[in-house]
Each structure stands twice: as structure tokens, then as C-alpha cells.
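Let us work through this structure by question and answer. Look at the chains first, then read on.

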Amino acid sequence: MSAAQHDSSADEPVDVTDGKLSRFEIVKEGLRRDGIEILHYEPAFPVPGTKVEKRIERFIAFCFVVAGLGALGFVAVYAFWPWEYEYAEFGGAGSMSKWYTPMLGLTLGLGLAGLGIGILTWAKKLLPVEELVQERHDGGSKEEDRVITGAVVGNMVDETGIKRRPMLKRALLFGAAPLGLAAIAPLGALIVPPGDDLFTTGFNPSNNDGKPVGLMLKDGTLVRPDMISVGGQITAYPAIPDGSTNRHADSPVLLIHLRDGDAKKARENAYEMYEGAQWNNYIAYSKICTHVGCPASLYEQQTNRLLCPCHQSQFLITDNAKPVFGPATRHLPQLPIDVDEDGFFYAVSDFLVPIGPAFWERG
Amino acid sequence: MAAPTRRRSGWRRRLGAFARFVGALALVGGVYTGFAPGIYADEADESFQALVAQGEELYNNSCISCHGVNAAGVDGRGPSLIGVGSASVEFQVNSGRMPMAMQETQAERKPPVFTPEEATALAAYIQTLGGGPEALPTEVVEAMVADVMTDPYSVAEGGDLFRVNCSSCHGYATGGGALSSGAYAPSLAGVPADQIYEAMLTGPQNMPVFADNQLEPEEKAQIIAYVEYLNTDQNPGGWGLGRFGPSTEGLAIFLVGISTLAIATLWIAGKS
Amino acid sequence: MKRRKFDAAQLPGKVGGALDDRFKLASPTRKLMTKVFPDHWSFLLGEIALFSFIVLLLTGTFLALFFEPSMVEVHYEGSYLPLRGIEMSKAYESTLHISFDIRGGLVIRQMHHWGALLFVAAILVHMGRTFFSGAFRKPRETNWVIGGILFILAFFEGLLGYSIPDDGLSGTGLRIIHGITESIPLIGSWAAHALFGGEFPGEVIITRFYILHVLLVPGIMLALIAVHVGLVFSQKHSQWPGPGRTETNVVGYRMFPNYAAKQGGFFMLVFAVIALMGGLFQINPLWLFGPYEASVVSSGSQPDFYVMFLDGLVRLFPNWELSGFGFILPAVFWPAVVGMGVAFTVPLLYPFIERRFAKDRAHHNLLERPRDNPTRTAVGAMFASIWLITTVTGSNDIIADKFNISLNAMTWGGRIGIVVIPVLTFYITKRICLGLQQHDREVLAHGIETGIMRRDPDGRFYEIHQPLTDEVDEHGHPKVLEYNGWTVPKKMNRVGALKPGLRGFFKPIELPGDSTDQSSIEPSDSREEIEAGKK
């Protein structure tokens, strides 16, 4: 049989109901009708029962047995292996439950792999070795089909009369377009006007009946200056209900107790709007990075840099927390702080600029 | 005439008074001796002085070249140690960071040069020079931590404190992290409890200081307990891939998953 | 009463008949079963994605039975001791519940996550194969576009999936998504507020992400996958050039039993790999991260690997912000929004771009070896290098820490690298392709190098070459063959001059004298002329 191309489906069909044909010949006729020719077809083992064939069969059977055992193992492990969580040291006693997940994965994986390798070996080694050619019949439809379809579509358009009825055409557009709008209008329920959400934080006195808002630790303890060591820092939150939760995710503040020399430098470098924002050697910056909003909390005591771990922006604490490296552009807003008569820190006012990442109308 | 009053003779009276006086002295002296430190104080004083002297000798042999006479510091080589406290010294020396192998951005942990006793001696010496945060004995810290470990709620509070104060530099899984320009926060795996305690207390190099007014000893113990828990608890999900997170997971899917399956496709199908 | 005889042998025929009466299945069944598919290992890479998608659906269904997509705060009282009493969202709590208090929950969760990574990795590898072999050319541009859209959907599906447990790591990612959305000019703050239902983080984002993750996105993906595979079926798979292969035929083997068996077996292998990884390798141990809190973060925070290229871009892009008249165009807009937009749309448009520049509007069913289109291969290598640099930069803090490199130096290295390395990669790849092409033609002209040296009487050494053709020209030299897009044999055993090495792993499969009785096999009396190439 040559590989030269000819459209076999144009040949005369063979009568398959004729009882004289063998089964394979019927198959070949089916192939021919689909434009398929056999280039090469031979059984994997023309001589049945050779040692090689038996070996392969044994291997495949072995794979399936492994698959079954694996699956059974999976069910057994699932039902009977200890699994409940307990603290267990690496390799320590009582750590059987730590192996529950690995054992499940192992047994299931083995079972599935056994089945897969068995089936694949069967396909590769036991199925007939064949190579066939099928015609693609690619490209566009026959010319006459195109002509007919073109005519049908053109006729249909004419039948609707849309071309000859411009008023109806316009009316239809006028009606359909707004309906499309009506379909997406309910998505408007998603819209929540930002208002001044992005311009105020939990430290705004409006959260406290107009009174300045104190600073507190996560557990609610109000912060006093003697709670922070020199060279130390704490994370402080607005002292309002839920102040330390995600409801006021824009408010966390890093309160740093600088050394004398650094505090002096910070005071000298302060922008005009931040003059007096420090209280002695204590300085408070918004923790929310002005790049994309991660908490910039890696305070380096000696270099006085605040590193944000997400994209490595670095802010210089002794210079208004302005960015000195990395993709951040704006300084971390400073919270103006003071200490009240009871000795607790409080925010004199809200931050003087919006915290966090920039947005169009931030200005 | 009245019955004759027996009168002690003058010298007996004086003797009795004298005896009573001596008795009272002996009583007071005895009570005092019983309660006062007495000769033990002398011994303790002596052993402490010996420790400080040993520390001074060690210092003068090893540390003076960078930290100067009387720990006053040497410009460009080593900072002053006045006021750093015994806790700082114990941390730096027991973790092997000091003596530093070379001048670099950050002292790194390495096998300690001095024994723990020598470290204590150095610490005592530095403490006498300028005071500062004092180290707690190892057993005390370990006892506090063991106490926390008995109560999961306490360990959990330690975790909460860890995440607010520590994870930003040391990582959720305590594996450490990079800081700017070559500095780094080291991994906490396998670090002894007292060293973690001392590090929090003293704020070595770029680490902020978490003195006892900020994190009470109890809270420090909670944090240490959480760190130890995390580092000793076996991963329930199999091999932890270093607990680095998505970076090693992504690497694993290509090196293990895709590679295995790509090799499988080479086996399954043709090659030409 | 007459008992009807039950004849098992007749059963398939009867069932088939009953179905055919109703659905007319006879012809379609035959056509499907005998359809010819080409056989090459690289064509199976897309199947990895398809099968891992099915595993994702199965494992995802299990997880959905236990997961609670709610941001309501509760106190944890489950088995994982170090989080006892901690306040967290129900989403996080239910994920911990699945991991520690549901039998087998952790292994299913890990299989789901590894399956997701495998899914996206397989798509990338499959896209690479399709790109470098030129399979996206006419008539398959639509399928390429659909595939590209599937990649984008897979990207977002994965992102949604790892965000819904509301843990510390993915919550940080959510914050970044919020910041990126905010950075869009004009509508940024409105878009971010709409997405989160108010200020960050709000109370609905997890629930919204959940419904996108389990219903909307998988639904669209299922539909697109059906179209994607359907197109491959109807247009027939492309194939590599080779003997007997032309632009108008497909050479291979039949769907049944061969192809179907291989597919079924491969499905089991993919499933097995996911199961093995899901059990043996821990992934996303979110109990270590704690619940998401706005003031908490970790060093070494990264998104999953397929999002890392965006993280890297954001880390590298300098702080160039535009502002004026009270408005700001934040710096992060360029790498995150524009960069992502370009990364997703340009590859989708590539078939049309290449068509324009190469002026190639022909129908292609035969693939091109990468070396035969040096420009395309070089462009692909260039994009791969950009992807690699940005993805590695996404982990630059971990690399800095573990390999003792300064973090600042890593950032600068990335900034310089992303400009220099792609250009170098393009140039070098192109030269390599041209070199390989040249060698192909050399072998076709001069034959295979046999490695046998001869010395002629003049003293000159020369190597004997095995010509690939019998034909000689007027001078007696072998005719120079034309290149036909097919692998040129470069080793003697490829042309049958030497037998292939003995097969078998530990010992040969067949020892001499062990072979089958040859007498029944007749040598064929005619040898076919093998024609190859694009006809």
C-alpha cells in the first residue's frame, strides 16, 4: 500500500452485510469510509504464548495487584491508623498520627500508579502495533455549501425585513441597548462610595465622641511611655472598641522609643507639618506601608530603617520615615502623639495625610 | 528590830549584773549571727569577685582588642559595652557570635569559643562595669517555659505575641528573614530558651529591645514556648520543604511533579 | 408461563440496539473509536492539566462539604493546640478543622493545593510546547486564545482558592490586591470599595471569593475546556513532520483501544503524582501563619509560584509615581496593573502578531521544529527569561537570607537583570537555532559523521561520512538532500546501520536465541518508498 494520497471515501462502498467478509475486513471498510488507511498493523506478539509475552502479562497483573493492595491499604489506613492531632516531637514517641497523611498519600499514590502503569504497559506492549493515516478534509467547506449558506443567511435577513424597515431597526436598538443596561444595573449594588473612608482612621476623634483617641496594646492595655525600652518598639492600636481588630485595619501604629541622638535627628528632620508630633524620644508611624499596604514592621534598631517585607521598601525613621530604598514613594504618615495627665499616650489628631497605598484622589 | 534582809554583798551584785550583761550580749550576738549572712557572705563575695576577676582576665585576652580598655569601645571596631548588661554578654558569647570572626554587617551564630562558665564570668565582669539587663539563670527560664507548655492557651498567647512582635523579621515559621543591606534575622530553630530570652531582653544588633517593662518575663516565656513548640512539633502533612512557603512549593511542583510526569510522557508516547 | 431465555452473549448487542434506536449512535461511535491521533510525548502535556483539573474538582467537592466561607469571628477550640482560644474568622477555623479534625482532611486539602500548582505548571509547559512548535498558527488561533484565557482563569482560580482560608499569608496578599485595585486611575478607590464591600478588609470578601472559586470560575473553565478539547477533536491534532505525514493527513493510531488506554493510564499517573505529593510533601501549612490580622506580617511572604512573577515585577519597579493637580498615579499601577495586563494579553494576540510580521497566512497542520523558526523561538525564550527573573525575584528575600546575599543587592540585580538578560537570551537563542539549522543541512549534504577516520596516501586525515541517499550527481558525490522539517538522523543507529542498544533495565529483554520462531513471518516482498515532508 503506498502512502500516496487518494480520497478513499470516494471509492465504491463494500457491502458489509454480505456474510462473506471477515470481521477485520468489516473494520477495514469502516476505516475506509472514514478516510483511514492502514499503513502498518501487526499484533504485538504474532506468535502467542512466548516467554516474553507471558513476562509482560505477569508484570501487568502484578501492577494491578499492587493497585488493589494500595487501594485497600488506603482504606485500611484511613479507617484504622491513628490520626488525631497531638503534639509530637520529630521522631518522638506517640508520633504515629503524624504519619497518617503521608501513609494515605503513599497508599493512594501506589494504588493509582499501579493501575496507571498496568494500563499503560498493556497499551504499549500488548496492543497491536499500528500506524494509520486519516485524511484531514481540512480547510473551508465546499464552495457550493458556502454559496447555499450565504444565500440562506441573506434570504433570512431579507425575510425579517430589517433592512427595509429603518424605523423598526432604530426602535429595536433603542429598546435593546437599555435592556442590556438593565441587565447589568443590579451590579450597582456592589458599589460602595468610599467617602472619606480612605482619609480617616481609627485615631480620628470622631470615633471617640470628639475626644482624642488613646493608644492601646492588643490586649487593651493603654500605653505609657515607660512600657517601651530605649531602642524598642511596640505595635499600638486606637483605644476604641474593636480598635485592634481588622475592623480598623488602617490604624495600627508602630510606636518607637528612640535613643537621644536619633530622637534629636528625627526632630531636626521633621517636616513642618510634623513639628511637635513626637513626644520626647517617642515617635509613632503608621504601620501600613505606603506602597501597597503590608504592615511595614521590620524595625532595624541600629540603622533606624523600617523594612517592609512584601516588596522591600525601606523607610528612614529618623527622617519622617521617608523611603530610602525600594518601590515605595511616600513617607509613612506620622501620628502626632502626646501624653495625658494620667501618663497615657494619646493621638493629638488623626494622621495628617491618608495612610497606606496611594489612590487617584489622594492628592 | 526587822528581820534582817539578806543583802548580797556589793561584788556579787556587780558580778550578777555583769553576767546578765554578757548573757544579753551573747543572746543578741547569737541571734544576729544566726540571721546574718556571716561567713557565707564572705565566701559568696569572694566567689563573685573571683568570677569578675576571671571575666576581666578573659576580657583582656580576647575582647579588649575591639571593645577597648574597660569596655569603653574602639571606634570603627567595637561598640562600648558599658550598660549592656550580663544578659547581652551571655547571649553574644553563648551563641558564639562573639568573638566575631571578621568585621561584617552582622555577627553570625557559630560554635562558641568560651564555655558557659567563662561566658558567665565575662558577663559578671561587664555587669560590674556599667550595669544593664541581667541574665536569668538557664534553669529559671526553662522552668518558666515548661510551665507555659502545660497550658495550650498560654502557648497560644505566646503565638499571638510572636506574630505581633516577632514574625515580621523572624518569619511565621521562625525560620528567619532578610533585613536591609545584608543584615538578617536568624532562624530560631534549636536556639536554647535562655538565649532567646536574653535576645529579647537586650535587643542585639538590629533587633529591637523588648525589656521587661514591655514584654513581661511571663510573656517572654510564652513566646519562647511557642517557638519551641513550632520547632519541635512534627509536620503533620509530610516533609515540610523547609517551611519556606510558596517558593519551595513552586520549585517542588516543577522538580518533582512536572519532571516525573514529563518523563512518564516520554515513556508513554513516541519520540520522533 | 414461558420463561424468557437470558442470553448474556446477546446483551451488548441488545443494549446497543436499544440505544441506537433512540440516539442513532452507530456511526458516531465508530467514527469516534477509529479516529486517528498522532503519537508524540509532547502532546500529552496538556493532558496533565486536564487530568489535574478533574482531580481538583473531586478534591474541591470534598473540601466544600466542610469549609465555611464566613468572616464571622470565633474563638478556636479545635485540636491544634498553639491556636487555642485565638480569635479568627470561621473560614480560617473551618480550614483548621479540615486539617486537624476531619479524618483524611489534610491529605485531601494538600492534594487540592498540589493539584492546583500542577494544573498551572502543566498549562505553562503545555503553552510552551504549543508555542515553540508553532501549533497556534492558522487554523488554531482560536484554540490558542481559548487556552490563554484558560490560563488567566486558572491563575485567578488559584489565587481565589488560596485566599479563602483567610490566613496570615494570603490575607497579606489580599491587602496587596486591595492596594493594586486602589491604584487604578480615576476609579481605583471605588473599585476597591466595590470589591471589598467597603473599607479593607470588610466582611464579605471571603464569601465573594468563595462563590467565584467554587461556582463562577470553574463553570466558565469547564465550558472553555470543553470547547478547547472539542476544537482539537474537530480540527484534528497537529503533528510533527515525518515519513508519510503531510499537511492533509494525520498519521498515528486509533482512539480505541490505543489512545484511550494511554489516556486512562496517564490519568491514573497524574492522579498518583498528586496523591503522592499530597501525602508526602506538606503544602500551605496555614496553622503556622495564624489568622489574618492587618498589623501582622511575616518575612518571606510570597504568593503561590504562578503569581510570583507579578510580585517580582512589583518589587523591582522603581518608585516612579506621577502626581499633579491633586491626583496621583501610584507607582504600583505600572507593574501590577499594566504589567499584568500586558503579560496576559500579548501572548493571546501572538498568533496574529506573528502572522502579520511573518506574512504567513497559510493553513498549517504540520508543526515546526523550534530551530526552524529562530525568531519565534528566540521571542519565546526571551519571555521565558523575563518570567523566570520576575518569579525568582518574587522570592528574593528568601534567597538573600539563605544564600547570604544583600537584599538590596538582590533588588538591584533584578532591576538590571530584567533589562539585560532578556536581550541576551533573545540573541543567544537565535544564534543557537541558526546553528542547529546549519548543522541539519550539513548532515543532509554530507551525510552522518561515522567517527571512522581514514588517512589517504597524501597523509591527509578525513572522516568517513555515511550518506543519507543512494543517489549521486554527475561527479559521483551523493546528492544534496533538501531539508523537509523532519528530524535529521545524526547517529548511525538511527539509520539502521547499527542496531539500537540492548533494551532492558537490569538485563536484556531478549537474549540471543530467545526470539520467537521467525519462520512464520515472511519478509515483505516490496519495499515502500518513504515520502516525507509538506505536500
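**Helix, chain and interfaces**

Tutor: This is a predicted model: local features need pLDDT of at least 70, side-chain atom pairs count only at pLDDT 80 or more, and totals for chains, interfaces and linings use all residues. Residues are numbered from 1 along each chain as its sequence is written, and chains are lettered from A and ligands numbered from 1 in the order in which they are written.

Student: Which residue with positive phi follows α5(C)?

Tutor: Helices (H or I, at least four residues) and strands (E, at least two) are DSSP runs, numbered from the N terminus. After α5(C) comes a residue with phi near 70 degrees, G134(C).

Student: How far apart are the end C-alpha atoms of helix α5 of chain C?

Tutor: The expected span of a helix is 1.5 Å times one less than its number of residues. For the 28 residues of α5 (residues 105–132) of chain C, that should be 40 Å. The end C-alpha atoms agree, at 40 Å.

Student: How many residues of α5(C) are buried?

Tutor: A residue is buried if 20 or more other C-beta atoms lie within 10 Å of its own, exposed if 12 or fewer, and partly exposed in between; C-beta atoms are placed from the backbone. α5(C) is largely enclosed by the rest of the structure, because its buried count is 25 of 28.

Student: What is the radius of gyration of chain B?

Tutor: Chain B has ten helices and two strands. The radius is taken over C-alpha atoms, and the globule rule is 2.2 Å times the number of residues to the power 0.38. For 272 residues the rule gives 19 Å, and chain B is well over that, so it is more spread out than a compact globule. Its radius of gyration is 31 Å.

Student: Which element gives the largest share of the side of chain B that touches chain C?

Tutor: Two residues are in contact if their C-beta atoms, placed from the backbone, lie within 7 Å. By that test, 57 residues of chain B meet 59 residues of chain C. The largest share on the chain B side is 16 residues, from α10(B).

Student: In β4(C), which residue is the bridge partner of Q134(A)?

Tutor: Two strands pair if DSSP finds at least two bridges between them. Strand β2 (residues 129–135) of chain A pairs with strand β4 (residues 249–254) of chain C, antiparallel, over four bridges. Within β4(C), Q134(A) is bridged to V250(C).
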